[in-house]
Amino acid sequence: MIEEQGRVIAREGDHVRVRTQRRSVCGGCAARGACGTSLLERLFSRRAAEVRALDRVGVEVGDEVVLAISAQGVLRLSLAAYLAPTLGLVLGAVAGNALGGAASDPLGLLGAGLGLTLALVWLRGYSRALARDPSRQPEVIRRLGAEPLRVTLLEP
């Protein structure tokens, strides 16, 4: 499970909207001053992101919470997000070139554009289907800073 901390900003039925601060692993790296990834982190990582998460804990607006999502789900979506457009582009270009004959360059370009477009349409449907699957959604797993319940026994 991949975990992230955030603050609940809104409630939507059995879901909540959580604002999280983007961060990366660059903070402790010795090469962070000379690294391109570190530069991108400094430029873009301060932005907050909003996540819609399933609430099974019963949190309220303003609570600090920990979100979790399946690492397998993130891996699958990442693989689809990178692989589908690349395959669509390449396969479309190959098909356009094969059909083009003497005028293969313009048809290869057109095929690449069509393949990319079809891959992006498929990816949009795939991500919407995953968003409806409760096992693939981010989930609030605990509230942070909650005081434990203290019971004091009084003697008669």
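1. Helix 2 (residues 71-100) has 30 residues and reaches 43 Å from its first C-alpha to its last, close to the 44 Å expected at 1.5 Å a residue. The expected span is 1.5 Å times one less than the number of residues in the helix. Helices (H or I, at least four residues) and strands (E, at least two) are DSSP runs, numbered from the N terminus.

2. This is a predicted model, in which local features need pLDDT of at least 70, side-chain atom pairs count only at pLDDT 80 or more, and totals for chains, interfaces and linings use all residues. Residues are numbered from 1 along each chain as its sequence is written, and side-chain values use heavy atoms, with hydrogens and water left out.

3. At the start of helix 2, a side-chain oxygen of serine 70 comes to within 3.2 Å of the backbone nitrogen of glutamine 72. Just after helix 2, glycine 101 has a positive phi of about 65°.

4. The buried residues in helix 2 include Gly73, Ala80, Pro85 and Gly100. Buried means under 20% relative accessible area (1.4 Å probe, protein chains only). Helix 3 (104-132) is part of what covers the buried residues of helix 2.

5. Aspartate 63 lies in the loop between strand 3 (48-55) and strand 4 (64-69). Aspartate 63 is buried, with a relative accessible area of 18%.

6. The side chain of aspartate 63 reaches the backbone nitrogen of glutamate 60 at 2.8 Å. Leaving aside residues up to four places away in sequence, aspartate 63 touches Gly6, Arg7, Val8 and Arg143 (contact means heavy atoms within 4.5 Å).

Terms used. Buried < 20%, exposed > 50% of the residue type's maximum accessible area, 1.4 Å probe, protein only. Polar contact = N/O pair within 3.5 Å; in protein donor to acceptor, adjacent residues only side chain to side chain.
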